[in-house]
Every structure is written in structure tokens, then in C-alpha cells.
Amino acid sequence: MLAEDFNLPKQTHDIFGIMARGNFISSNGSKDGMNRLYDIVNNPDNFDRLQAYFNVIRYNIERGNNFFYFSKLHEPNSELEKKLERFERYIDIIDLLASMDNKITIGSRFRPSEIAEECNANVRLKQKLQKIPLYRSETLHNKVREICDLMSRDSFLEMEDEKTESYKVLDSYAYLLDVINSVAIYEDTGGNTDDAQGLIYN
Amino acid sequence: METNCRILNRIVEINISNVKYADIELSGNTCFVGTNNFGKTSLQRAILFFYSANSRGLGISASQKPFEEHYFRYENSYLIYEIATEDKAFFVMVYRHNKLVFRFVDAPYNPDFFFTANDEAMKIKEIIGNLEKRGIYISNQIDTFERYRNIIYGTETDKQLSKFHLLKGNEKYQNIPKSITNVFLSSKSSVDSRFIKDFIANSLTTESSSIKLEQVERQLRQFNEKYSDIETYLKKESQQLIELIDKKYDQVHMLKGAQMEMADKLGSSLRFAETQNESIREASKKKEEELDVLTAEHETLKENIESKQNDIREEIGYYDRTIRDANKKLKAYKEQNVEEALEKNQEREKLQVELNIARREYESLTSNVASIEMKYSTLIEQLRNDKSAYINKINSRTSEIFNHYNELQLLQKNEYNKRDAELKQKRDESLGEVNSEVTAKQIEFNELKSEEKVIRTTRFYEQEIKDLESELAELRAVSYKNKSERAIKQNMVQTLQREWEALELKLKSSLSNRVNQTNNEIIKLKNEIKDIEGKLNVQHDAFYGFLEKNVKNWHNTIGKVVNEKLLFRTDITPEMKQETADTLYGISLNLETVEVVSKSIEEYQFEKNERLAAIRDLEEALNGFQTANNEEKMLAADKFGKQLGEMKEDVKVLTYSLELADKREHKLGSELEEWRHKAGVEVEQSLTGNRQRLNIIEEELTLLNKKKNNLLADFDNQFNKLKVYNDERLAELKERQETEISELEVEKKNQVKDYENKEDELSKEKDTNFKSKGVDAKQLKGVENRMKEIQEALKEIEQYAQIVSDYLKDKREIFDKMPDFIQKKEEFVKSNNDLTTQVEEATRKFNTKRMDLNKQKRAFDEELIDFNNGINFYSNNFRETPVYTKYSDIIERAEAKRTNYNIMDLCTQLLKNDSHFNEEYGAFQRYVNEFAGKFKIDNHFNFIIRNDASQGEYERFAQNLRSFINENKIELSIAETATQIGLVTDSIATKVKELSGQKDKIQHIITLIAEDFKKAEFEESKLIEFIKIRLEESDNKVYKLLKRIQEFREENGLVYNEGLFNTDFATGQKREISGRAVKLLDQLSSAIKEQEQEEIRLQDLFELKFNIKEGMNETGWTHKIDSIGSTGTDILVKAIIYITLLHVFIKESSHRSSKDFKVHCIIDEVGQISAHYLRELLRFAKNRNIMMINGLPNKSGLESHYKYTYQFRREENNNVRIFPSIVTEVEA
């Protein structure tokens, strides 16, 4: 079956290019015409066609609140584990972002320097930021930059203005919140170790 | 020097650049020889400046000094151009007077005009003076390049200056300097058709006639941004967010208002508590004192009354006792038959008299027998005495016994009385105790009863309820007012909306009508144009073409009689027949007075242009109309929107205040209900407490009564027992007394009988003696019996004498006063009762007042406690919280005022509400962020919020959003965007049309060039067989899109964008058109970005291709012509093409009458061309009245082909000297 048979929109390639990388298409994204792509996927006719088309290659379009992403049909457990590992690092990040005085929510616009400044002024936030593993940057500012960079790469943020280094929080951020909110922390009371804690992903 | 035509004859440089003086003749082909950097090009630029008079179009790079500074270094720097004319030469001098200026001098150049005797160049003033002195005309200073060019190219209207022209140019004369400049500037470039294109295009166009893509892109970007903003705004999700923001804003606003109100109340309460604390304490103390005074007064009053009552009670007791004793005595007297005794006592005197009579009678009877009588009387008397002694003895014994027993009885009675008294005392004591207890309880009971009455009549929380009721009434009145105001405003909103809609409809229909009307007119004009174009297209092959070619002045002959339709028919095969010339089918006509009906091609062209202009005018008018319409729409939107916005805001405010009022009413209602309930509960509680106490007291009273009864029964029992014992004892004593007395009486009776028997014996003895002596014993006996009877009766009377005497005494003293005693007692009882009532009343009043005071005091105390608790709570649990910080201003500024709320509740509520507020505010912020995040940071709605925005900024955002909705700004924005898309497409279409309009000119020029190439005598030299040129369609993507937009615009007229964002089915087609327009613009925007081209110029509209054959080499149709042969060939071909172009442009741009002039073609660096070719080239140019000015790096023999050759040499002082080289012109 050919792609033409599906009567697909001409942006199908772009859509696939974004989502197949594990990224999201958010309605409030403006770079590379992301909002247009969102509108295209969101069009019910297009959605059905794209879904049918991608299902053939074992991808499923998942609809979030104002964003889309791919899930794989019959994903192997190892992949799932990798995904979980990927989200683990976001727990601390979201914790930090949610603890800011000016809470970072969908649509918020901010600069890494603002966050770094706030972290610098607030010991609690500073500790949270320093606690975030994976990053080796020396200054707080660079660390925040790296976080923003990571989140941009994962399409949760979008850099709106390179000159002012201003980021915008995309709709896909809700996905992160959802995943992290569905994490239940349990304490292993039966075990011998005192600090035995674990995560359950609902 | 040639004198039969006009030509730039000479150029003189005085102190120009590093040339001190140079005088160069230019009236023929001229060549400059010199190595690089010696100033060849500078001189050529100076020559070019004569033609172009544009110091910035001389090919001087930006890194080099500008022309003015490099050339005119001194104040006596002059450039002099001498122009030869048909008769006398004139010259123009250029010098710097701040900027470059020109002066024309009506005389041939003479160095004496400029130099002093010392060969020093003069200053301009001196030169002018010098010239004026010589009577030579010198023009005023020409300040602008434009004016200079007008003069040189013969379009100057000033008669004094008009003679100083090189040639007579037409309106397109600017092409001549442009062409000369272009040739000079492009002489170093490779020969590319693109360059030729540029050359032609640049010569035909001005700088402004290109389509600046940056501008288009900016317009497109602006449109796209607006379009995308509107699209984002209209999305369902955005609309939902707007609703959420609106709703949340109201909630947040309300909560904030409530918090502020509460903070104000808290502040008021705190201030009030602080200011009132001392006064309340004082008031409480005062109430306590009042209470003490009241209690003391009451006690005193009570004591007084009680003491009076005691006195009265004593009196009552006295009278009671007296009456009781009297009754007792009376009863005792009655028992002793006092009445009978009294009756008998009344007969005592009578009996005494009767006794005395009987004694006297007896004495008279016994006077004869006195001795016998005496003897017997003595014996009898003695016997009687014995008997009396005996009786007396017995009587004394009886009396002794009687007395003894009486004494015993008395003792018993005394004992009984004593014990009875003791018992009574005991009973009285016990009863007294019980009674006092009962009385106390009774008093308490009465108190409670009166308290209950007081409670029933008391209205608890009266003030609070009253306050709330009045507040509610006020609130309802305000609500009523607000409701009616809201209804009025809503009506006004509807009216305004209807007015607005009507106006919009009117505007829309007028626009629609105007569009239709204009479109119709345009269609009509287009048809006419089409008609004209049809005629023009066919005219070559039609009768018209035939006449043009073959018949001179045919318009004045055939043109007056022929039918226009006939003129453009191609099927009538006209043929020239000499015989019938100037006749109509052989008939000669005088047509002098007949009007010409045929039109020239120009007239047709003019008509077409007129119609095109009419269309443009119509479109412009429509555009104007649309803009005006839009403006009107915007004005209406502004006017109505603002009004509506204000109204809606008012309505919203009213609704909000009504909601608040409703809530407040509800709250107040429930508070009122609560207070009432509380009051009821308070009454109930008080009553219940009272009742319980009453019940307890009642029970206690019952118990006490029972106890009292038991006590009484017990004592009665004891009394009875005592009485029975006493009675028994008395009975026994009486019995013993009576027994002993009766025994004595029997003995006495027997003894007396003995005595009486003896007396009878003696009497009988006496009587016998008397009888013996003759005395009537019977009469005597009768008297004696009578005396005895009376004595007996008296004796009996005497027995009651004491009782009667006592009775009479008592009667006199007591019994007769009894009614008085009763009366007095009753009076005292009444007084006592009155006093009791008085006490009860006083007690009731006291209780009421005490309760009232207690209540007041309790209220003060409670308030004080409440205040203190509140202040403590505020200090410990509120003062340090962020909530305080948030509302500190309000709290600290509040006026001291009593509120219905206590401080602790207010603090708790504020804290609680704040957490709720924070939650709601968080949601509100999230919605605002999400909404603003949907738009670009620089969106034209200005929906932007910073991440660290304050609450005020968030609220302003919501307010602005609300105004945006209320004023229906989206409609305005849509209208603006719709206008913009119209304007953008229109502007693109106009520009494309304008630019495309020049394509005809290009075609014309290309035709001329092609013809000129044909005319060239290449065949003679056989060097170049042919040069062909042709036009092809452009493959520029941006241009193609621009063209499509223009076509779209032509097809759909003015893009009347009602359909933009319109989902109405009725206007679906318009929407589709708008959709296509948007898509096209989008494509154009992408193409511009992709192509990275700054502008679309005339040269982008077509492709130019050459086909050149040189010897055996034919290039074929190609863009580039640098691969024809050797470099020399290339230069030759290039030069030929340039000369051709120049020739064509000069021909096109000069007046037809102006033919006797020559211009220069400046091409630098022709060193690589062969002599043969050069000769060919010079001849080619000469045939076209063009003189060549070329540069050569060194002398190579080529210079011999030029009329003038100048050499350049750099001297030691770095100055350049230009001097003529002596060569012989071989051929020119």
C-alpha cells in the first residue's frame, strides 16, 4: 500500500519526523510551524488517515491535552524500561520547576537566568537544583540551561528567542506532569532496610 | 574639431584629484594610455559624470573616498566640460560649494577665465567676476544634478538655459545617462545575458520600480502573524480558555474583594478592640458597682420591710393569742354554766331578804318557851355544832384529799404542760427550720418565676438582630436599585448591539454594492480594452495596417470616410491602384471640412491607457471606499464597542455586585436567622435552666412540705401520747380523789344521819315539851324549813360567786373588746400582706435589674475576653503569616469600628480563604499562561504575560481580555486583517502589473536591438556572422507566484475578504477565495524566504537569450556569451552589444528632431582586442554617432586608431600629468 492511497496530508513526513524521535507536537509550539502541524493532525479526517497509516508501521498516535505523540504497538519491555529511566530524571526537574515562586506552567515564558537567580536566592531551590543528577555544569545558570536544553530536545519547551534566551513551556509539559503525578511512592515497611523506597508507575 | 554637431568637445581638470591641470579633447574617438593606478579610470569617471551627473553612480566603491571629496579637494578645484554646438561652443563648470554645483558659461573654454597671471587657479568668485567683466553670460548656480541633467538633455524650460543642451531628449532621456553609465560600469564584467537584462532593465526603470521583497515579506509576515493570531484566538481551546479565565478572574476578584473586606473588618475590629479595651473594662467595672449598689439597696429595703413585718407579726401574735385565750376562757365559762350561775346570782338579794323575814318570824314564835327553847336549842345547837365540827372535819379531810389530788393533778398538768411546751418548742423549732427552708425555696421559686417572666419578655441579641435587619433592608434596597439599573443597561446593550449590527449591515451592503458596481464597471472597461487590444493586435494584417504602410496621410482621406469596423477587417485584401488614388471609387470628394473618424495607433493606445487608468481609478476609488468603509466600521466598532464594553462591564459589575449582594443577603439572612435562633436558644436555654431549677425547687418544696407534714404528724403523735398519758394520769388521780372523797362522804353521811337522828329525837323531845307548853310546833317547823331552804339556796349561790365575779371581770376586760382585737389583727395581717407584696415586687424588680446588669456585665466581659483572645490570636497566629503581609495596608489603615465578627474568626477565615484564594489564583494564572502561551510572544493582540508577572499584571491581562471581548476587537482585527490581505494582494498586483507593464518596453527595445543587430554590417568583415537576441518567460519562482497573485487578483477583483474566518455557509465561496488567497500568500512567503532575493526587478520578469555566430562558432540560444571565441572576440561582441544598446536607447530617448549630436561610449580596458577588431568596433560605433573612449595599459599600436590619445604619467610629487600622445589616426 502506498502513502498516496491514504490521501495523507503533505506534512506527513514532517509529522513523522518529529514524533518518531519520541517528540511531541504541541498546539502552542510555533517553531517549524508546529502549531500548523498540530492543526493538521487534529483535523479529524487527517487524524484517522494518519492513524491508519502509522499503524501500518506499528506506531500509534496518542492524543494528549493539546498535543500528540507516538506510542509503539507491542513495545518490548526493555524499551519501556528505558522510557521509565528517561522519566526518572524529570521527577527532580519537575519538582524544582513546581517549587518556583513563579510556577512554571503550560504557556509560561521564562529565561534560565531567572530560574538560576531564584535558585541562588533560595537555599531550598538551590539544593533541589544541585540534587538533579546527570548534569555536570559548574554554575547554576549553566545547569538550568542544560535542563532547558534537555527539555527543548524532548519538546517540552521551545526556545522562543535566542537573543534573550527565552523559553516557552509547551502543551506537552502536561504529559510530564501526568506521568509524574501517576507515580506512587511506597515505603517498604516489611524489609530490613530503613530507606527502602520504590516507585510504582501507574 | 567637428562643428556641425553637438558633442562633449573637451574636458578640463583644474586641481582635480592629483591632477593639477589637464585639458583633454574628446571630439573624436579617444584613448587613454597608462599603467594601472595612474588615473585613467578617474578621468573616465569625470567624463561619465558629465553624462550622468550622479556622483554616487560612478562605480566608486564604498571603501573609497566619495567623488566629491576625491576629485574636489580644493576650493579652486574645477571640472570643465566644453560642448561644441552647431555654431559656438559653451562650457559648464563643476565646483564644490559645500556640495557640487554647476554653472553654464556661454563661451568656449579659455584658460584665462580660470587662471591668474601666475598660473594660479582662481576662486569661483574671481572667476565669476572675471567672466562678468568680459561680458560673458554665466548662469546662476545650478544646485541639483536633476536640473543639470534637464539642461544638458534639453528638457529645461528656462529659456536662458535651454540653449545649453547636448541633445534634445524626450521624457525617457534618463535612459541615456543610465545606458552610458551601465556600459562603463559593466565593461569589466563577463558578458552574461543577465547583465544585458540588467542593462536594459536598469535603463528602463528607476530604482523605485522594483518590487521590494523585503517590503512584501514584511507585509506578508505582518499579515501572516495577524492571521495566525486570529486563527489561534478563534480556536475552540482558546475560547474555552477565555471562558475559564473570565470565570476564574471573577472568582479571584470576588475572593480578593471578600478577603479585602474581611481584612478591613479585621483591621476595624483590631482598632476597635484596641481603642475599646479600656473603656469596656471600665464599663464592666461600672456595671459591677451598679450591681453591688443595687443589691445593697435591695437588702436594706428588704430588711426594713422584714423588720416591719416582724413587728406586725408580733402584734398579730399578741392579738391572736388574746383572742384565742379569750375564746378558751369563754369556752371554760360556758362549760361551768356561767350563764346559769349568773341568773342565780341575780336572785341572791331576794333570797337574803326572804331569809331575814323567816328569822324574824321564827323569833316571834319562840319568845314564850325561851328556856325550853333555850335548853333544846342549846342541845340541838351543840349537836349541830358537833355535827358541823364533824362535817367540817370530814369536809376538811375531803378538802384535804381534794386538794391533795388537785395538787397532784396540777402537778400532772404542769408536767404535761411543760412537756407539751417542750414538744411544742421542739416542733416549732423543727417547723421553723423547715418553714424557713420552705420560705427560702419559695422565694427562690418566686424569683425564678419572675425571672422566667423577664426572660420571656427579654429580646436577646436585639441590637445585633436590629442591625442585621436594617443592613438587610438597605442591601435589598440597593439590590433592587441595581437590578433595575442592570435591566436598563442590558436593554441599552441590546439596543446598541442592534444599532451596531444595523450599521455594520448597512456598511457591508454598501461595500458589497460598491464592489459589485465597480467590478461591473471594470468588466465593462476590460471588455473595451480587450476590444482595443484586439484591434491593435490585428492592425498589422488588417486594412488599417495596409493603410499605415502604403497610404500617406490616410487619416485625412480614407480615415474620414471609412467605417472603423472595416479598418480592422483582415479579410478584405486591400490593393493599391494608382488610378483611383485620392478618389472614392473614382469619385473625388472635398474632405477638408469632414471630421476624421479613424484613429491613430497612438489614439487607440491612448484610449486603452485611458481605460486602464479608469480601471485603476475605479480600483483605487474602491480601495478608498473599502478603507473608508473599514474605517467607518472601525469607528463604529470603536464607538459602539467602547460603549458596549463599558455597558457590558457595568452590567457585569452590577451582576457581580448583585451576586455579592445576593450572597451577602443570603449570608446576612442566615446570620439573622442564626441570631434569631441564637436568641431563641438563649431564651430556651435560660427558660430551660429556669425550669429545671423551678422543678428542682418544686420538688424540694414538696419534699420540705412532706417533711413538715411528717414532722407535724410525729409531733402530733407525741402530743397525743403525752395527752393520753396525762389524761389517764389525771383520770386516775380524779378517780382516787373521788373514791377517797366518796368514802369520806359515806362516812360523813352515816355520821350526819346519826347526828340528824339525834337532833330529831331532841326536836321531838322539844316539840313534846312545847306541846306540853302549848307552842304551835307545826308553824314553827314550817318557818324553820323555809329558813333552811333559803339558806340552802344562798349557799348554792355563794358557791358560784367566785366564777361569776371572775366572769364579769373577764367580760368587762376581754370579751367585750374582742371585735376590736379581731379588727386590729386583720389590719395587721393586711399590712403584713402588703409588705410581703411590696417585698416581692421589689425583689422582682431587683432580680430583673440584676439580671439585666449581669447580662450587660457578662456581655462586656465576654467582649473583653473575646477581644483579648482575638488580639492574642492575631499576634501569635496571624501577624507573622504572608496573609498579613498581603493585606497589611488594609488592616493597618482600617478605621476603628464595631463589626459583627470576632477577630479570631476573621483571622482564621482570612487564612482559610487565602489558601482557597491561592488555589484559585494558581488556576487563574495557569489559564492565563496557557492562553498567552498559545500566541507568539509578539502577537498583535498583545496577549503577553511575563513569567514573573505580578498579580496586578495577571489581573490587567484578564481585564484587557475582557475589554477585548466586550469591544469585539477580534472583529476589528479580522476586518483589519481582511483589509490587509486585500491591500497586500492589491499592492502585489499593482506592483506586478506596473512592472509587467514595462515588459512591452523591453520587448520593444529587444526588437529594436535585434533589428540593429541585423543592420550591422557584420558581413563586410565576416568577423561576426550574426548576433540574435530573444526574450523568454522568467523562471523566477517568486515572480511566478507574484504573477499568480496578480492573476488571482485580476480574476477575483478586489479580494473582498468577508470570507476570512467566516464559517457561514452562505459566504462559503468567498471563504474559498480567501482561503486560496491566504494559501498563495503563504506560498509566496515561503518562496521569498527560500530564494533569499531582495527585490523583484524588471529583469526578473523575463529571460534573455543570445545566439551568436562568429566564424564557424555558433553559441546557440544561451544566457552567457563569454564562450564565443577568444577574449578579444568576447570584448568585441560585448562592446558591439553595448554600443547597440546605447544606440537604441539614445534613439529611443531623444527627440526625433534632435539628430545632430554625438555621445561617448566609455569602455575601459580594451587592450586585448586586436587592431582589426578595434577598427571594426570604432566603425560600428561611428555609424551610430557614438564616440569611443577607451583605456589601454600601454602603447601597443592600437592607439593609432583613435583621434586623440592621452598618456598618463606620475610625477615625483605624486601628481599625475596627462598629456597628448603624438600619433597619427589611421582610420576613424
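**View 1. D32(A) has its place in the loop between β1 (25-26) and α2 (34-42) of chain A.** Here and below, helices (H or I, at least four residues) and strands (E, at least two) are DSSP runs, numbered from the N terminus. The model is a predicted one, in which local features need pLDDT of at least 70 and side-chain atom pairs count only at pLDDT 80 or more, while totals for chains, interfaces and linings use all residues. Residues are numbered from 1 along each chain as its sequence is written, and chains are lettered from A and ligands numbered from 1 in the order in which they are written. The phi angle of D32(A) is positive, near 50°, although the residue is not a glycine. D32(A) counts as exposed because 12 C-beta neighbours lie inside 10 Å; a residue is exposed with 12 or fewer other C-beta atoms within 10 Å of its own, buried with 20 or more and partly exposed in between, the C-beta atoms being placed from the backbone.

**View 2. N66(A) sits in the loop between β2 (59-64) and β3 (67-72) of chain A.** The two strands, β2(A) and β3(A), pair in the antiparallel sense over six bridges, where pairing requires that DSSP finds at least two bridges between the strands. Within this pair, G64(A) has F67(A) of β3(A) as its bridge partner, and the hairpin has two residues between its strands. One of the hairpin's features is N66(A), which takes a positive phi near 70° and is not a glycine. N66(A) is buried, since 22 other C-beta atoms are found within 10 Å. On β3(A), F67(A) also stands opposite S26(A), and two bridges join β1(A) to β3(A) in an antiparallel arrangement.

**View 3. Helix α7 of chain A covers residues 140-153.** Its 14 residues reach 20 Å from the first C-alpha to the last, close to the 20 Å expected at 1.5 Å a residue, the expected span being 1.5 Å times one less than the number of residues. Buried residues of α7(A) include L140(A), V144(A), I147(A) and M151(A), together with K143(A), R145(A) and C148(A). The buried residues of α7(A) pack against α4 (77-98), α5 (112-121), α6 (123-131), β5 and β6 of chain A. After α7(A) comes S155(A), with a positive phi near 60°.

**View 4. Chain A meets chain B through 17 residues of chain A and 15 residues of chain B.** Two residues are in contact if their C-beta atoms, placed from the backbone, lie within 7 Å. On the side of chain A that touches chain B, the elements that give two or more residues are β4 (109-110), β5 (157-161) and β6 (166-169) of chain A. The residues of this side divide into three nonpolar, eight polar and six charged; Ala, Val, Leu, Ile, Met, Phe, Trp, Tyr, Cys and Pro count as nonpolar, Asp, Glu, Lys and Arg as charged, and the others, Gly among them, as polar. Of the contributing strands, β5(A) and β6(A) pair in the antiparallel sense over four bridges, and D161(A) has S166(A) in β6(A) as its bridge partner. Four residues lie between the strands of this hairpin, where E165(A) takes a positive phi near 55°.

**View 5. Chain B contains an open sheet of three strands in the order β10-β12-β13, with antiparallel pairing.** The edge strands, each pairing on one side only, are β10 (1024-1033) and β13 (1113-1114) of chain B. Nine bridges join β10(B) to β12 (residues 1102-1110) of chain B, and F1026(B) has K1109(B) in β12(B) as its bridge partner. In a regular strand the side chains alternate between the two faces of the sheet.
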